[in-house]
Amino acid sequence: ICEDLERSAQPKGLTGNDISEDDARNKINEVLGSENIKEISSLGENENSELQSYNFSIKNKKDENITIAITKKGGHIVYMNSNRTVNTEIISQEEANAKGKEFLDSRGVSNMKATYYLKQDGIVTINYAYVQNDVVVYSDLIKVKVALDNGEILGIETSGYLNNHTQRDTSKIKISKKEAKKTLNKNLQISSEGLAIIPTEFKTEILCYEFKGNVDGKDFLVYINAENGREEDILIITNTPNGTLTM
């Protein structure tokens, strides 16, 4: 049983063979472009996390500092962050979303959908969730930081995706969307509806109908369990000039 538990605790999205530190350096040259890098310094290994990684500090040709962590298994980026200052906002949110998605596609991560975003100091952090057959999987989350002056990718955080990503069984729908709607507040004016997989605090997942709507000028997301019709969660959406947040 212990072995089974250990196996199930393994990060589901970690694919590929173990790599050496030199392989990890090659990955960095590939991601950032060796022509842009002045020096790569090793910060040692992170052994304690489920996502064991090689950590590096990089100085690029513009003398900007970048920290990056590459997984030992498969050579995936767990984390990257650049300290570049952004002084102007030229590109739109739509362009930033497209830049982030383009970067993920270039790393072999496809079917990702931009969900929430937050702007700060000329940089937008966008949350991307995986989409499997029109079901939005919020557990498989990647955050990408995009510079709003030129669309450069300044950061990425993939631990949600690397820990959880796998193909789900989405066939367990027992109630119809029409039935699920019966449990909603009668005053909710629905603006979008679909299926989503949401994570729980117990590290499990629930397949739900996701209804987005408005009551008395407030935007809400309501999650109704697609197996038993139970209301699983209600989130208030806050739209600000700097982004969209949920509470």
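Close-up 1. Arginine 168 is buried, its relative accessible area being 11%, where buried means under 20% relative accessible area, exposed over 50% and partly exposed in between (1.4 Å probe, protein chains only). In this predicted model, local features need pLDDT of at least 70 and side-chain atom pairs count only at pLDDT 80 or more, whereas totals for chains, interfaces and linings use all residues. Residues are numbered from 1 along each chain as its sequence is written, and side-chain values use heavy atoms, with hydrogens and water left out. Aspartate 140 is also buried, at 0% relative accessibility. A salt bridge (a side-chain nitrogen of Lys or Arg within 4 Å of a carboxyl oxygen of Asp or Glu) joins aspartate 140 to arginine 168, with 2.7 Å between the closest N and O atoms.

**Close-up 2. Glutamate 45 and lysine 72.** The side chains of glutamate 45 and lysine 72 form a salt bridge of 2.7 Å, N to O. Because glutamate 45 belongs to strand β1 (residues 37–46) and lysine 72 to the loop between β3 (65–71) and β4 (77–82), the pair ties together parts that are 27 residues apart in sequence; strands here are DSSP runs (E, at least two residues), numbered from the N terminus. Glutamate 45 is partly exposed at 40% relative accessibility, whereas lysine 72, at 17%, is buried.

**Close-up 3. Lysine 174 and glutamate 227.** Lysine 174 and glutamate 227 are paired in a salt bridge whose closest N and O atoms are 3.6 Å apart. Lysine 174 is exposed, with a relative accessible area of 60%, while glutamate 227 is partly exposed at 35% relative accessibility.

Terms used
Helix = DSSP H or I, 4+ residues; strand = E, 2+ residues; numbered from the N terminus.
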